[in-house]
Amino acid sequence: QLQVYWTGLFALKHGQHPVLGTILSSTGALYGMKTWSRDGAFAAMILDAAGYHAEAAAYWTWILAPTTPLDPSTTVLYTCYDWWSGGARSFVTPELDSIPAVVLGVHWHCYLQPESASCLTLAKSERLWKFADFLLSQRERQFFLPDYSIWEESSSPSSGQPLPTSVTTFTQALAVGALQSAGYLTAFLNGATTDTTTTTLASASSASASSYHQAAALLNATLHNGNSEGLSIYNAATGSYRRGIWANSTEGEWSEDDRLDASTAMAILLLSGSQEAGTKALLHLYETLGRGQAGGCGVARYQGDIFYYASIFDPAGQEVSQPMPPWGVTTMFAYWASIALNTNANSNSKEVEVDPRLHPYTSCALEWMADIAAYGGMPVGEAVDVTGKMVWSSAMDLYESAGVFIWGVLQHSGQSPPFQPKRWTLP
């Protein structure tokens, strides 16, 4: 595991543009040397967690720069940018998960480096507060806006016919977490001073810290209890989270998507609830999507996933032997959630333990990630076949293979707190 950790960190670090700060999502030629805004945000958080704060700050500085183009159709970030130039690249839109990820990332950077110049510069960025206020103000049927995140499925993988956007659990959970982060950052800036003056370093937003926290609580309650039409992402009958809610049209009837999706582990991490409820939801996820046996401790993306098996969009044809192959990023999302459910706020001085009911699924998660690594511990692609065969079209995946493992190791060993902004205390 140590070799996989350091080799992955080497690959991730060297996937960053040395001048711009953009971070390559995949070295695979079919992926076109692009920076995914969301993937880059998570990769920067992982670099921060590993102690590479200057590298993380370089990404945040680039993504928040006034010169980084915004998508006129959404007024916020494009889904993808060119790694070489930082210019916009065409891809599925709207995809809004990068917006909360950036706000979370600046909070995380300031948690780790609260007295650094980069923290204060980034936290006062006009664009950061544009994004925070976008999360605060943009609602459709009481939810944050529907989009095509996290899996970018704007068309049916089998027929190619257009699909509606969704109120995806992953992005809604990130939005709740980011609103909390905006509240913490606002309070931090309102109390911060420079070395030479007592001038308050207020944020570029007119909203108060309590406004962000109240919005987070309201959205969280809506997600669990339902909006005015009774739609929710929480399935009380199974004690688990739905993949999301189909937004069939702005005026038309919306419908709940009951499929289990491993990205809903983000809801277990970021949405308030009891430890028992979270553990039950995670167990249901593992029991349905855990690949077991030949798939080891890997976790598939979602029920019925055919992307690398029979999708017309698979960039290299059929690359796995059966549907629902395990992915590294979903395996680690679930693993991060298992740690957060069983870690108290002061436990980052020792290895953490997980609930005994989760142990059969989590005990070999890091070992499985190391076992599927390529020669010399090199990162693989997004997924692997249950036989262990690599999916070459997306290899090396610097965030969804290397990065998520790095943060899993750091959380497991107590060197990083869980992915929960409520634990990232600012002075």
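You are looking at a predicted model, where local features need pLDDT of at least 70 and side-chain atom pairs count only at pLDDT 80 or more, while totals for chains, interfaces and linings use all residues. Residues are numbered from 1 along each chain as its sequence is written, and side-chain values use heavy atoms, with hydrogens and water left out.

Stop 1: Together they make an open, antiparallel sheet of three strands in the order 4-7-8. (Helices, H or I of at least four residues, and strands, E of at least two, are DSSP runs numbered from the N terminus; two strands pair if DSSP finds at least two bridges between them.) On average, neighbouring strands here are turned by 35° against each other, direction ignored.

Which residue of strand 8 is the bridge partner of Trp246? Click Ser255 and you have found that partner.

**Stop 2: the helix on the sheet.** Select 169-191. This is helix 7, which packs on the sheet and touches strand 4 and strand 7; contact means heavy atoms within 4.5 Å. The helix runs at about 50° to the direction of strand 4, with axes fitted to C-alpha atoms (for helices, over the stretch in contact) and angles from 0 to 180 degrees between N-to-C directions.

Stop 3: On a 1 Å grid over the protein atoms alone, a cavity is a set of points where a 1.4 Å probe fits but cannot get out, and lining residues have an atom within 4 Å of a point. There are four of 30 Å³ or more, with volume taken as the space filled by probe spheres set on the points. Strand 4, helix 7 and strand 7 each supply at least two lining residues.

**Stop 4: the second largest cavity.** This one has a volume of about 90 Å³. Pick Val4, Met369, Pro379, Ser401 and Ala402, the closest to its centre of 13 lining residues. Next colour helix 1 (2-13) and helix 15 (398-412), the elements giving two or more residues to this lining. Helix 15 gives the most, with four.

Technical notes:
1 Å grid on protein atoms, 1.4 Å probe; cavity = no way out; pocket = protein on both sides within 12 Å on 5 of 7 lines; lining within 4 Å.
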